[in-house]
Amino acid sequence: MFKFRFIPREDKFFRLFEQSAHNMVKAAQELKKLVDTWEDVEKKVGDITTLEHEGDTITHQIIAQMNRSFITPFDREDIALLAHSLDDVVDFIHAAADAMLIYKVERPGERVKELADVILRAADEVEKAMPQLRRRSELRQIVSRCVEINSLENEADRVYRSAMAELFDDSMDITQVIKWREIYEHMESATDRCEDVANVLEGVALKLA
């Protein structure tokens with residue numbers, strides 16, 4: 001008996017995942033612009049909020065498409081997990097930006113900028129990996145990108161630990177400590193969710209290869 005191995009041609013899933021990854025990159029870009037320039041803060045946070053809503057919409061479309069599809073390009077649990085993990089990244093980017101606005105913090109320091117840069121670099125790797133799901137010949141390349149995303153998450157952990165140490169070493173009032181601790185946690189969580197995305201992508205790539 002011959003065993004045929006193929007990736008079902010459900011192009012809409014791939015398009016939606018690529019849209020979700022692109023939306024995530026746009027949110028990361030806006031976060032980086034926000035902390036780097038610290039101008040028009042309310043408008044920039046509003047732009048990120050719009051992207052967060054767009055991410056929710058794409059996630060709902062993926063789940064709806066999965067529920068009405070008889071055949072899916074890979075396991076349904078992986079589809080759902082990938083969709084929600086991508087959405088979670090944008091949620092945490094939005095949470096960090098929104099906290100900066102609500103708490104009326106002063107201009108972000110270097111650690112915030114470093115974390116924003118790591119988030120963007122990880123998001124870029126995810127966006128580059130997503131189209132490779134379409135082509136069996138490129139599935140192995142996804143694993144390499146996932147290794148890079150995991151490395152970036154480790155870098156974010158180091159920055160986060162340094163930021164927290166500096167936060168409690170500096171002689172700022174407790175209110176500022178509480179505000180910035182929450183913002184740092186949201187940003188570090190965004191990189192954690194990028195790693196979650198990478199883990200799902202790696203698992204899917206290995207199953208399909």
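How many aromatic pairs does a search of the whole structure find?

## Aromatic pairs

The search finds two. Here, rings of Phe, Tyr and Trp (its six-membered ring) pair if their centres lie within 6.5 Å, and planes under 30 degrees apart count as stacked, over 60 as edge-to-face and the rest as tilted. Please keep in mind that this is a predicted model, in which local features need pLDDT of at least 70, side-chain atom pairs count only at pLDDT 80 or more, and totals for chains, interfaces and linings use all residues. Residues are numbered from 1 along each chain as its sequence is written, and side-chain values use heavy atoms, with hydrogens and water left out.

Helices here (H or I, at least four residues) are DSSP runs, numbered from the N terminus, as are strands (E, at least two). F17 is buried at a relative accessible area of 1%, and F74 counts as buried at 6%. Buried means under 20% relative accessible area, exposed over 50% and partly exposed in between, with a 1.4 Å probe and protein chains only.

The pair of W180 and Y184 is tilted: the centres are 6.0 Å apart and the planes make an angle of 40°. These residues are four apart in helix α6, which means that about one helical turn separates them. Both W180 and Y184 are buried.

## Around Y184

Y184 belongs to helix α6 and has a relative accessible area of 9%. Leaving out residues up to four places away in sequence, Y184 touches R111, V112, L115, Y160, A163, M164 and L167; contact means heavy atoms within 4.5 Å. The C-alpha atoms of Y184 and V159 are 9.6 Å apart in space, while the two residues are 25 apart in sequence.

## The nonpolar core

Which residues touch the most other members of the largest nonpolar core? They are L31, L82, M100, L133 and M187, in a core of 73 residues. Such a core is a set of buried Ala, Val, Leu, Ile, Met, Phe, Trp, Tyr and Cys residues joined through side-chain atoms within 4.5 Å. Two or more residues come from each of α1 (11-37), α2 (41-67), α3 (76-102), α4 (110-129), α5 (139-169) and α6 (174-208). Helix α6 gives the largest share, 14 residues.

Apart from neighbours within four places in sequence, M187 is in contact with L31, A96, M100, V112, L115, A116 and I119.

The 27 residues of α1 should span 39 Å at 1.5 Å a residue, and the end C-alpha atoms are 39 Å apart, which agrees. The expected span is 1.5 Å times one less than the number of residues in the helix. Just after α1, W38 takes a positive phi of about 55°, although W38 is not a glycine. W38 lies in the loop between α1 and α2 and is buried, with a relative accessible area of 15%.

K104, in the loop between α3 and α4, is not a glycine either, yet has a positive phi of about 50°. Is K104 buried or exposed? At 69% relative accessibility, K104 counts as exposed.

E138 is found in the loop between α4 and α5 and counts as buried at 19% relative accessibility. Its side chain is joined to that of R135 by a polar contact of 2.8 Å. A polar contact is a pair of N or O atoms within 3.5 Å; within protein, one must be able to donate a hydrogen and the other to accept it, and residues adjacent in sequence count only if both atoms are side-chain atoms.

## Cysteines

The structure has zero disulfides, a disulfide being a pair of cysteine sulfur atoms within 2.5 Å. C146 counts as buried at 1% relative accessibility, and C194 is buried with a relative accessible area of 1%.
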